[in-house]
Structure formats: C-alpha cells, structure tokens
Amino acid sequence: MGSSTPSPSPAPPQSTAPDRGASNASLRWGILRRALLARSSSSRASERTSNEQQKKGDTNEISRKASRGFNLIECHALPISLLSKSQENSLNGNENGVGCQKDVNICYKLPCGGSPEVNVVYRREDSLELNDIEASNRYNIDTTGLVCCWPSEEVLAFYCINHSDMFRCKRVLELGSGYGLAGLVIAASTNADEVVISDGNPQVVEYIQQNISMNAETFGRTKVKSMILHWDQEQASDMLNSFDIIVASDCTFFKQFHQSLARVVKSLLKYSETSQAIFLSPKRVDGMRYP
C-alpha cells in the first residue's frame, strides 16, 4: 500500500473578538470621560462625531448603573426651590455647595403605615468633576457614592421597609451609604432607637447630613446622625461592638476592600445571638462570593 504525505491541518482561525474584560474597562473609562467633560462645549461638540456616538451606544451593553433603579418605591423629582423654607435654608447654608444647581431633590413616598415621605438630595447624573477625583486620591476613598443612588440601595431600603419589625428599638449602622436612602428609610419607617449613616467620602457625608436635616421631622423619636467612617481605620471605643444591625448595599464591588469591610463589621457588631449584618449586592464576576 503506497504512502502519501498527509496534508497539513489548517491553522485554527485567529479570534478577532476583543478581550471582553479589556473592552468593558475601556467602555467604563469612556463613561467616566463623558462625565468629566460633560460641561465643556468643545468636548460636547467632539462627542457628536459618529465614532463617539457609536462608543456611547456600546456602553449600554456593559454593567453600569440604572438611572431609575427598579421603581420599588414611588418617587418623583422636585426642584430644590420647592423644598420647604427650613429645608431650603439647610441646603443653602452649606458652604461647599450642597443644594446648588448640580443637585436634584427626589421625594420618596414610602409604602408603609402613614405613607411618610423622605426627601433625598443627589448630584445630577454625569456631574462628577475633576476635584471629586482629587478628593478621592487625597482621602484614599472612591467616588462611587457621588455618582447616583445605586439600584442596590433602593432594594435595601425596600427590604428594610418590609422587615421593619427587626429594626424596632435597635441601634443600626449603614456602611458605605452613599446619599443614605436606606438609612433614612430605616429611620423614618421602623421605630429604630438610633440610625448612624456612614460613608468614607467626606463629600458624600455632607450630603448625608443635609438629607438628615431635611427629614428630621419624619424620624419621630429615632436618633439619626451622619459619620465619616473609613473601613481601614481604628474606630472609637464607644462604637466597638455596639450595633444591633449593620446594613450595606453594593459595598463588595472592590476586592481590595473586602478584608477591611469584614474587619469593621466584626468590630462594630454586638456580641449577641440576635445581632446581624445585612448585605445586598448585585452578582458580579469579581464581587464577593456568597454561599
């Protein structure tokens, strides 16, 4: 039987698809770029090019914030000027500009007894500025709390309303709260003894304090305060093991903070069979894994 030289196997086709991780990272940088340059007329003109428009459309395909959340709690936007006089004075008295033109007030009507309302002042979308990034570097914190009220915060707030009995007469801490919707809702609807709403970003905590001041009449006998709380710093001795419940939403996004987050929960949560930490986060490839 004669032999023949076998034909060489065809080389496997080279993939032309871009690396998904690298592509998503590039698109996220595009979102940040537009946010930082949104107020520049020249940059807006350049964004109108077909190439930029294509990139803008592509960013809708990656994981990012949803501007209106899940609509679990009825809400509507109000001009800052429509706040009550005392609320408006509280906002205008802030020397760092909380309550200025880049802010919007959202009124939430809570689905619970009496249908109380909670007003929360946020930054308008795409209003992140360079000085926010500088502050992030200066304080070694991230700027995610300034971007928006993230959908997970709304879900946490809704969960707390529907499990209000667990917070009754309890001392509650919200970690990484952003603008503080969940903490404000707990204070307004659950008869908690005290609610501490915290974040590591001083700019964010300014908003939290203003939101607390605006809603003071809604809290009844519940004591409510804001706090700058860095997860990687030692906490005051009077806070150690003093909270019955710790809540947090979307705080496991950055892997490098997981160990510090676990440590601060362990140090601040009471040694009690009834104490608990409640975390809500969207499922992400690089996020914290749960059983």
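Two strands are taken to pair if DSSP finds at least two bridges between them. In this predicted model, strand β2 (residues 103-109) is joined to β3 by seven bridges, and the two strands run antiparallel. Elsewhere in the model, five strands form an open sheet with parallel pairing, and helices α7 and α8 lie across strands of that sheet.

**The antiparallel pair**

- Within the pairing of β2 with β3, lysine 109 stands opposite glutamate 117, a residue of β3.
- Strand β3 (residues 117-123) is largely enclosed by the rest of the structure, because six of its seven residues are buried, where buried means under 20% relative accessible area.

**The parallel sheet**

- The order of the strands in the open sheet is β6-β5-β4-β7-β8, so that, with each pairing on one side only, β6 (223-228) and β8 (276-280) are the edge strands.
- Averaged over the sheet, and with direction ignored, neighbouring strands are turned by 15° against each other.
- Four bridges hold the parallel pairing of strand β4 (residues 171-175) with strand β5 (residues 194-199), and valine 172 has valine 195 in β5 as its bridge partner.

**Helices across the sheet**

Conventions
Residues numbered from 1 in each chain as written. Predicted model: local features only at pLDDT ≥ 70, side-chain atom pairs only at ≥ 80, totals over all residues. Heavy atoms only, no water. Axes fitted to C-alpha atoms, helices over the stretch in contact; angles between N-to-C directions. Contact = heavy atoms within 4.5 Å. Buried < 20%, exposed > 50% of the residue type's maximum accessible area, 1.4 Å probe, protein only.
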